[in-house]
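Let's explore a protein together, one question at a time.

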Amino acid sequence: MNIDKLLEQIRAERCAAFVYEKAPAGASSFRDRVIFYRDGKARFERYCQGEAAGKVCELSADSIDEQGAISWNYDACAYGKKDEAPKKLTGAGSGGLVFDGKTPLWKRAESLRRDPEHGYGFLRMLLLRLRGQ
């Protein structure tokens, strides 16, 4: 799937990124999130739930190819199940995204106006908007 429409929508809403979360499937002990930034970068986060709640994995990708394949930087994370991150964006619609041709649907959970922790602070967002990116 081509990601250009998603990036256009992020820019049109003047956001830094859209956050998508996987719909809960049964009694999952994880909360997975994929964040798509207006410049084509992506980030995957996995959070453990329950008593040991916290972030257990964060992967980043500098780009997504025309077929929707995401090239995660697996070297940046020591988590053993990092290969469970979605590998390919295969569909969009009905208010969510589909990865790897599988359910569950990933629903949009948040629209980030800025994300200074990951380099999308006020000044960078202003410059990106002025350049039309």
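Q: Leaving aside neighbours within four places in sequence, which residues is W72 in contact with?
A: This is a predicted model, so keep in mind that we are reading a prediction. Once its neighbours within four places in sequence are set aside, the contacts of W72 are A42, R43, F44, L59, S60, A61, A85 and P86.

Q: Which residues of the largest nonpolar core touch the most other members?
A: This core has 24 residues. Elements that give two or more residues to it include α1 (4–12) and β2 (30–37). Another core, of nine residues, lies apart from it, with Y37 and L112 among its members. Back in the largest core, the residues touching the most other members are L6, F36, F44, W72, L97 and F99.

Q: Is D32 buried or exposed?
A: You can find D32 in strand β2. Buried means under 20% relative accessible area. The value for D32 is 4%, so D32 is buried.

Q: Which side chain does D32 join through a polar contact of 2.7 Å?
A: Not counting residues up to four places away in sequence, D32 touches several residues, including Y20, F44, R46 and W106. The polar contact of 2.7 Å runs from the side chain of D32 to that of R46.

Q: Is F122 buried or exposed?
A: F122 sits in helix α2 (residues 122–131). Together with L123, L126, L127 and L130, F122 forms a nonpolar patch on the surface, with about 530 Å² of accessible area together. Exposed means over 50% relative accessible area. F122 has 55%, so F122 counts as exposed.

Note on methods: Residues are numbered from 1 along each chain as its sequence is written. This is a predicted model: local features need pLDDT of at least 70, side-chain atom pairs count only at pLDDT 80 or more; totals for chains, interfaces and linings use all residues. Side-chain values use heavy atoms; hydrogens and water are left out. Patches are made of residues with over 30% relative accessible area and no salt bridge: like charges are joined within 9 Å, nonpolar side chains (Val, Leu, Ile, Met, Phe, Trp, Tyr) within 5 Å. Accessible areas come from the Shrake-Rupley method with a 1.4 Å probe; for residues, only the protein chains shown count as cover. A salt bridge is a side-chain nitrogen of Lys or Arg within 4 Å of a carboxyl oxygen of Asp or Glu. Helices (H or I, at least four residues) and strands (E, at least two) are DSSP runs, numbered from the N terminus. Buried means under 20% relative accessible area, exposed over 50%, partly exposed in between (1.4 Å probe, protein chains only). A nonpolar core is a set of buried Ala, Val, Leu, Ile, Met, Phe, Trp, Tyr and Cys residues joined through side-chain atoms within 4.5 Å. Contact means heavy atoms within 4.5 Å. A polar contact is a pair of N or O atoms within 3.5 Å; within protein, one must be able to donate a hydrogen and the other to accept it, and residues adjacent in sequence count only if both atoms are side-chain atoms.
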